[in-house]
Amino acid sequence: RAWLHLQRGLLDLDRGRYEDAHAHYRDAASVLSGWYLVDEHIAEVLVLTGRSEQARPIYERVAEETGSPEFFDALAALDRDAGHVDASAAWIARATAAYEQQLQRYPEAACGHALGHYLEFGPPERALELAEANVRVRGYGGAATALIEARLGAGKAQDAADLADATLRTAWRSAELHAAAAAAFRAVGREEDAVAQEAAARAIN
């Protein structure tokens with residue numbers, strides 16, 4: 001039952017309905033208290049709705065409990081946004097070390113997770129390397145979206161726009177794809193297309 005409440009929350013999250021998502025996560029917690037997966041999604045909604053200080057102790061607890069670099073990244077972002085540069089750098093270093101260890105042991109399984117870290121914190125060359133590896137083993141729109149973002153970050157705007165065009169010709173649709181396509185099109189001077197893609201993203205989320 002907790003899992004089903006969590007899934008309903010994720011559907012709302014993907015549509016930008018953050019308070020509805022929060023309600024579903026609280027329902028999940030009421031069924032299975034202390035489940036880290038629910039707690040970290042509650043923290044995510046708190047950040048998205050401007051309540052970062054309430055999210056911090058949750059992320060700290062979950063990071064300690066799981067040792068997952070995903071939560072090191074969340075804390076790094078909180079510290080970065082608060083202007084705590086040294087603290088953010090320390091979390092980034094911990095996450096980088098953990099992701100690289102995972103990549104050594106389980107390269108195909110870990111590349112998609114590690115990719116998010118490098119897209120956010122760099123270096124862009126490593127993000128591009130992982131995005132290319134990820135799309136080779138996951139040939140669908142989510143992986144292509146991350147590759148669009150990685151190409152943009154690495155200064156390959158035309159390649160990013162070309163991939164955005166190709167992915168938009170498939171059936172895959174998400175707010176993330178439209179947002180990435182908008183950024184790619186704007187980077188190559190296709191402003192009208194960028195505005196259309198931004199509108200498509202907002203229509204979903």
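**Reading the salt bridges**

Guide: Start with glutamate 129 and arginine 126, which both lie in helix H8 (residues 124–137), 3 residues apart, about one turn of the helix. Helices are DSSP runs of H or I with at least four residues, numbered from the N terminus. This is a predicted model, where local features need pLDDT of at least 70, side-chain atom pairs count only at pLDDT 80 or more, and totals for chains, interfaces and linings use all residues. Residues are numbered from 1 along each chain as its sequence is written, and side-chain values use heavy atoms, with hydrogens and water left out.

Visitor: What do the side chains of glutamate 129 and arginine 126 meet in?

Guide: Side chains of opposite charge can pair when their charged atoms come close. A salt bridge is a side-chain nitrogen of Lys or Arg within 4 Å of a carboxyl oxygen of Asp or Glu. Glutamate 129 and arginine 126 form one, at 3.0 Å from N to O.

Visitor: Is glutamate 129 buried, partly exposed or exposed?

Guide: Buried means under 20% relative accessible area, exposed over 50%, and partly exposed in between (1.4 Å probe, protein chains only). Glutamate 129 has 45%, so it counts as partly exposed.

Visitor: Which parts of the chain does the pair of arginine 51 and glutamate 19 link?

Guide: The closest N and O atoms of this salt bridge are 3.0 Å apart. The pair links distant parts of the chain, 32 residues apart: arginine 51 is in the loop between helix H3 (36–48) and helix H4 (52–66), and glutamate 19 is in helix H2 (residues 18–31). Arginine 51 is partly exposed at 25%.

Visitor: How many salt bridges does the structure hold?

Guide: The structure holds 14.

Definitions and conventions
Helix = DSSP H or I, 4+ residues; strand = E, 2+ residues; numbered from the N terminus.
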